[in-house]
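Biologist: Please walk me through how to read a few features in this model. Keep it brisk.

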Amino acid sequence: STAGGDSSKFSFWRNYTNGSSAAFRAAYISNINSDDSYNGSNAQFLGFFTKSGTAEPVERMRIDSAGNVGIAKTTDIVQRLDVSGGIRSNSSGTGSLYLGNTTSTNYNAAAIIATASTLYSPIGRLSFQLPTHGAGTDYGLTEQMFFEGTGADSKGAYKLVILPYGGNVGIGTSSPSYNLQVYNDSDVWHF
């Protein structure tokens with residue numbers, strides 16, 4: 001750990017593997033001032049630096065003074081998590097994104113779940129889920145719609161289809177009996 005001037009660093013050192021007793025800084029965490037002049041009132045950031053190859057460590061992640069986290073991004077961090085590049089979610093072949101929460105139950109307000117297709121391999125399935133309420137405290141996310149690829153195993157031959165509830169599409173009903181069934185309080189249309 002080093003400190004000097006207006007910044008501090010917590011360094012991680014590693015010995016060379018060639019038998020030398022010398023060491024190099026592999027990574028460090030450092031506080032960063034929002035500008036070069038420190039007057040005690042400027043914003044402070046926390047930077048995470050890692051080394052790739054023989055280059056000096058480079059900042060890979062930053063926590064700004066508002067608590068926002070930037071990954072592969074050190075400026076213009078405007079959300080709680082701001083990422084430059086792709087994000088991958090994968091746990092045993094399932095990727096999940098949970099959004100918000102309901103105010104009265106503290107459950108997730110929505111979810112988007114990606115899995116392998118149940119119809120055809122090696123393509124995927126994208127499920128959109130919303131919370132439902134059963135008797136008593138029976139809360140939980142329930143699939144409301146999904147998209148699933150189907151088709152022969154050749155690029156460009158896939159079709160994007162909506163297959164809720166056995167292949168029928170329902171609007172205003174959770175158990176459509178026709179290819180397309182629309183229901184409101186007084187009328188039912190089907191096609």
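Modeller: Start with the elements. Helices (H or I, at least four residues) and strands (E, at least two) are DSSP runs, numbered from the N terminus. Leu126, for example, lies in strand E10 (residues 124-133). This is a predicted model: local features need pLDDT of at least 70, side-chain atom pairs count only at pLDDT 80 or more, and totals for chains, interfaces and linings use all residues. Residues are numbered from 1 along each chain as its sequence is written, and side-chain values use heavy atoms, with hydrogens and water left out.

Biologist: Is Leu126 buried, partly exposed or exposed?

Modeller: Buried means under 20% relative accessible area, exposed over 50%, and partly exposed in between (1.4 Å probe, protein chains only). Leu126 counts as partly exposed because its relative accessibility is 33%.

Biologist: Which residues does Leu126 touch, beyond its neighbours within four places in sequence?

Modeller: Contact means heavy atoms within 4.5 Å. On that basis Leu126 meets Ile112, Ile113, Ala114, Met145, Phe146 and Phe147. Take Met145: 19 residues separate it from Leu126 in sequence, and the C-alpha to C-alpha distance is 8.6 Å.

Biologist: How do I read aromatic pairs?

Modeller: A pair of aromatic rings is described by the distance of the centres and the angle of the planes. Rings of Phe, Tyr and Trp (its six-membered ring) pair if their centres lie within 6.5 Å; planes under 30 degrees apart count as stacked, over 60 as edge-to-face and the rest as tilted. The whole structure holds two such pairs. Phe10 and Phe12 are edge-to-face, with centres 5.1 Å apart and planes at 80 degrees. Tyr28 and Phe49 are stacked, because their centres are 4.4 Å apart and their planes at 10 degrees.

Biologist: Which strands hold Tyr28 and Phe49?

Modeller: Tyr28 is in strand E3 and Phe49 in strand E4 (residues 44-50), so the pair ties together parts 21 residues apart in sequence. Both Tyr28 and Phe49 are buried.

Biologist: What charged end sits over the ring of Tyr28?

Modeller: A charge sits over a ring if NZ of Lys or CZ of Arg is within 6 Å of the ring centre and within 35 degrees of the ring normal. Here the charged end belongs to Lys9, 4.8 Å from the centre of the Tyr28 ring.

Biologist: Where is Asp76, and what is its phi?

Modeller: Asp76 is in the loop between strand E6 (69-71) and strand E7 (81-83). Its phi is positive, about 55 degrees, although Asp76 is not a glycine. Asp76 is exposed, at 57% relative accessibility.
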